[in-house]
Structures are given as C-alpha cells and as structure tokens.
Amino acid sequence: MDYSNISMLGDDKVRYVLKKEGKNPLIVLGINPSTADDVRPDRTMTRVCGFADKMGFDGFVMLNVYPLRTPKIEELPGELNIDLHQNNLSHIVKEISKIENPTILVAHGNSISKKKYLRLCLKDILKELTQFKGAKFIQLGDLTNEGNPRHPLMSRADIEIKEYKSKKI
C-alpha cells in the first residue's frame, strides 16, 4: 500500500488520528505516535501499510493508546494528562463509528509497561471499542512473553494474524 492521500488529526506534539481513506480500512491501535505525519511515514507506518496490504485492506486508521508524539516512550510524562486521554478516547470512538464491522489490530507491544497510566488508557479504549457491534480484534502472531500483542516493528512480515486475546490489561 502506498503512503499517499494521508490525513492527520493533530500537530507536531499530539496526533490523534493518521489515516488513509478506504472502503475497508484496517484500524490499528498502537502505543503512541512517533514521527509519521500526512506526508512522511516512519518505520512503524511503513510496516502498518505492509500488514494492511497483505491482509487485503485498502486503507488504515492509525490510533494510539496515548496521543503524545515521541519516538522514545520513556520521554512521555510520568503522569496521565486526563484531558489528553479524554480527547483521544473521543477521537477514537468517532473514527471507529464511521466504519461498519471494523477490524482492529491491537499492536501496542511491551512498551505499554513503561508508564503505569498506559494500561489504564488501554482499558478505557478497549471498553469503548468492544461496544461496537461486529468489531473484530486481531493481533500479530502470539502474545509476547510479557502477555502483550506485538508491535509492528517487532513482527516478521509473514507473521500469522490471530484473534486478539489479552492476558492482562
């Protein structure tokens, strides 16, 4: 899938949504946005496009557990910004509600353990997303040894796609 006709909701500090419109887009739930924008992909978005294409999707909607942009998760603040989290939740629900029977790739990886509040954010997001009728949750291969779904950068291109089964949140 080529990286063209991309739209972004956010700026250089916060990114809520990055998407390529399609009739059948893959929804991806990552950990936090890095450097990808509506012009240039980062390594994660290059992999997301590859997985979406391989699975037969014609677009993507990239969402994240937390919307602050940084390539290093350690640089996220120590405490949750509840307003940022609520705005993120609102944008996620709005985007998913536009898609009939969405397929959601849960792909936050082990970095979710680096900030305590990230699991709380994930729990809130999954609670909202499971209310969408027809939503299908998938993951890349098996869960990691830590019990998390694999991040796209930590997955082979030919990895098996499986139903998402969280061990812990």
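A disulfide is defined here as a pair of cysteine sulfur atoms within 2.5 Å; by this rule the count in the predicted model comes to 0. Residues are numbered from 1 along each chain as its sequence is written, and side-chain values use heavy atoms, leaving out hydrogens and water. Because the model is predicted, local features need pLDDT of at least 70 and side-chain atom pairs count only at pLDDT 80 or more, while totals for chains, interfaces and linings use all residues.

Helices (H or I, at least four residues) and strands (E, at least two) are DSSP runs numbered from the N terminus. Two strands are taken to pair if DSSP finds at least two bridges between them. An open sheet of 7 strands has the order E1-E2-E4-E3-E5-E6-E7, with mixed pairing. Strands E1 (6-10) and E7 (161-163) form the edges, each pairing on one side only. Strand E2 (residues 15-20) pairs with E4 in the antiparallel sense over 3 bridges; Lys19 has Val61 in E4 as its bridge partner.

Helix H1 (residues 43-54) packs on the sheet and touches E2, E3, E4 and E6, contact meaning heavy atoms within 4.5 Å. H2 lies across E1, E2, E3, E4 and E5.

Residues are classed as buried under 20% relative accessible area, exposed over 50% and partly exposed in between (1.4 Å probe, protein chains only). Cys49 counts as buried at 4% relative accessibility, and Cys121 is buried at 0%. Cys121 is among the buried residues of helix H3 (residues 116-129), which also include Tyr117, Arg119 and Ile125. The cover over the buried residues of H3 includes strand E3 (25-30), helix H2 (82-97) and strand E6 (136-140).

Terms used
Axes fitted to C-alpha atoms, helices over the stretch in contact; angles between N-to-C directions.
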